[in-house]
Amino acid sequence: MIDVQDVCKSYGKLRAVDQVSFSLSSQRVTGLLGPNGAGKTTLMRLLTGYLYPDAGVVLIDGIDIAVHPAQARAKIGYVPENAPLYPELTPYELLEFVLAARARSAAALGQSTIRKQTGRRLLRRHGQREHIESVIEKVGISEVKSRTIGSLSRGYKQRVAVGAALIASPQVLVLDEPTSALDPNQTHEMRQLIRELGHDATVLVSSHVLSEIEAVCSDAVILHRGRVVGRGDIASLRRELSAGIGERIRVAFDPEYNDDILVALRSTPGIAELEPELNTGALLVRLQPNAEGPQVLFDFAAKQGLKLKRLEPLEGGLEEVFRVLTAEEVLP
Amino acid sequence: MNGLLALTRKELRIQFSSPPMYIATAFLLSAAAMWFFLVHGFLARDTATLRGYFAAMPLLLVLVIPALTMKGWAEEYRLGTSELLLTLPLRSVELVVGKYLGTMLIVLCMLLLTLPVAFLLMPLGEFDLGQIVTEYIGTILISGTAVALGLFISVLCTNQSTAFTGAAGLLLVLTLIGRLEVLISLPGPLAGVLRYVSLDTHFDGFVRGVLDFRALWYYLWLTSLCLYLTAVVLEARRRA
């Protein structure tokens, strides 16, 4: 549904997006991860046709967005970062405007028969009002639909922006930090909504909150300094990249560790990282990728005359994978 | 086409909820009336013509039109709503024309509010109805060009105050440039060029009751050029 091929975008001398390529298939929710300045927002702007790439191609359902921008954009719903909206309009008026601009244009631009029929159906005034009301209910803004957007809280504005992205039932949804202004209950509801949307549309969600990506996304693309440093479904991404960065193990010795043991363990070949775990007396150890599993810890305990009280392999979290990938130089 | 109308309606809604529109309307109506009755001295003259009323329009529009167009594109970029607008399935030309039509409808509403002046004065003498019609046509044409110029300046700016200052400055120059030869002596061809470029020079004929097709062509050409350049800048910003 979304096909990105060798896309580059620079602002002056700064290369914000550098030869990015990936494909997103239909009916999947994909997370776009990356630290600040990684190029996430620029990439989302390229995918939605707000910006055109300096090089490379963005295809939306096979349509080059730089060549046929209106046709490609008719398939996309977009929630920009910080949900910018017209403060003078009410949520109802905004949704009415976006629906009119999107549904009518979709019909005029010769979208698929189903889309045309949807467009025509939505054009019928009564059907249009019902449709807008259903979206208002879906995103939970019924109680503020007649107030001006300028008087709404950030959380409500964010939900209005999501409503505007959903209003024309797009095939592709691009959401830039969709829960950044929501409270925990609203965040939970929004995640539920995003998961539901993934049943019908291709959804791309950017977020700094890794738990959010893990909670709602089946796939992830990790960006660092404008380049893709990891992509795939989250389970295999976590597995493969954990293998690449070394196994993590929780270990406890008897007697408990002291400074001498920490110094000796740190200098032991095969140990990449070492961190005492608070209040448990255990140590969190990350082995070198080529280390022979926990054997290195057995050998260390024997050499130091310690008993192994606990040895527990840990599953690498997305957060650790993200931290390692984005803390270092771009991987080849 | 329908997307364009949706955008026009959105622009109208935003303009009607924006204080500068009401301030500009009040300024236009009161300043034109004060000029006509107090400075021009219509009641003291024994002539049944609104020529003095409309002659003031080009200078008044120098302040009124930028107040309407300053938000146009500059505010879209400042608020970030350009991301919402420019990712709609509308072509750049539709976006530009939609915004233009929205602002022009506001200008037409303003001009409608000047009609009572004409209706109230007409029983006082034998006014030339044809002349009043050409005066309105001229005012609509010069306003249309000023709106297109104002929106073009707005797309080049990222805040409304710069857009207002830029548009007002440009309109002032284009309005007065034709009269420069009154102040300083200019070579004949240069004076001719400046007269041709001036918005005010072309407006004179309409005020005198002449439907000048060369002036009509000038306003339509300049309006189209500004709208085209606005669309070019929008596209260039996508590639910047």
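## Sheet of chain A

Strand 1 (residues 2-11) and strand 4 (residues 55-60) of chain A run antiparallel and are joined by five bridges; strands here are DSSP runs of E with at least two residues, helices are runs of H or I with at least four residues, and both are numbered from the N terminus. Two strands are taken as paired if DSSP finds at least two bridges between them. Within strand 4 of chain A, A:Val57 stands opposite A:Gln5. Helix 1 (residues 40-47) of chain A packs on the sheet and touches strand 1, strand 2 and strand 4 of chain A, where contact means heavy atoms within 4.5 Å. The direction of helix 1 makes about 60 degrees with that of strand 2 of chain A; axes are lines fitted to C-alpha atoms, for helices over the stretch in contact, and angles run from 0 to 180 degrees between N-to-C directions.

The open sheet of chain A contains four strands in the order 2-1-4-5, with antiparallel pairing. Its edges are strand 2 (14-24) and strand 5 (63-64) of chain A, each of which pairs on one side only.

## Basis of the model

The model is predicted: local features need pLDDT of at least 70, side-chain atom pairs count only at pLDDT 80 or more, and totals for chains, interfaces and linings use all residues. Residues are numbered from 1 along each chain as its sequence is written, chains are lettered from A and ligands numbered from 1 in the order in which they are written, and side-chain values use heavy atoms, with hydrogens and water left out.

## Hairpin and local backbone

Strand 4 and strand 5 of chain A run antiparallel and are joined by two bridges. In this pairing, A:Ile63 of strand 5 stands opposite A:Ile60. The two strands form a hairpin with two residues between them, and A:Asp61 in the turn has a positive phi of about 50 degrees.

The side chain of A:Asp61 also meets that of A:Lys75 in a salt bridge (3.1 Å, N to O), defined as a side-chain nitrogen of Lys or Arg within 4 Å of a carboxyl oxygen of Asp or Glu. This pair links distant parts of the chain, 14 residues apart: A:Lys75 belongs to the loop between helix 2 and strand 6 (76-79) of chain A, and A:Asp61 to the loop between strand 4 and strand 5.

Elsewhere, A:Asp6 in strand 1 of chain A has a positive phi near 50 degrees, although the residue is not glycine. The peptide bond from A:Asp254 to A:Pro255 is cis, with omega near 0 degrees. A:Pro255 is placed in the loop between strand 11 (248-254) and helix 10 (259-266) of chain A.

## Interface of chains A and B

Chain A gives 32 residues to the contact and chain B gives 30 residues. About 2900 Å² is buried between the two chains, 60% of it from carbon and sulfur atoms; buried area is the accessible area (1.4 Å probe) lost when two parts are put together, summed over both.

A:Glu88 and B:Lys71 meet through their side chains in a salt bridge (2.6 Å, N to O). On the side of chain A that touches chain B, the elements giving two or more residues are strand 1, helix 2 (69-73) and helix 3 (91-108) of chain A. Helix 3 of chain A gives the largest share, 10 residues.
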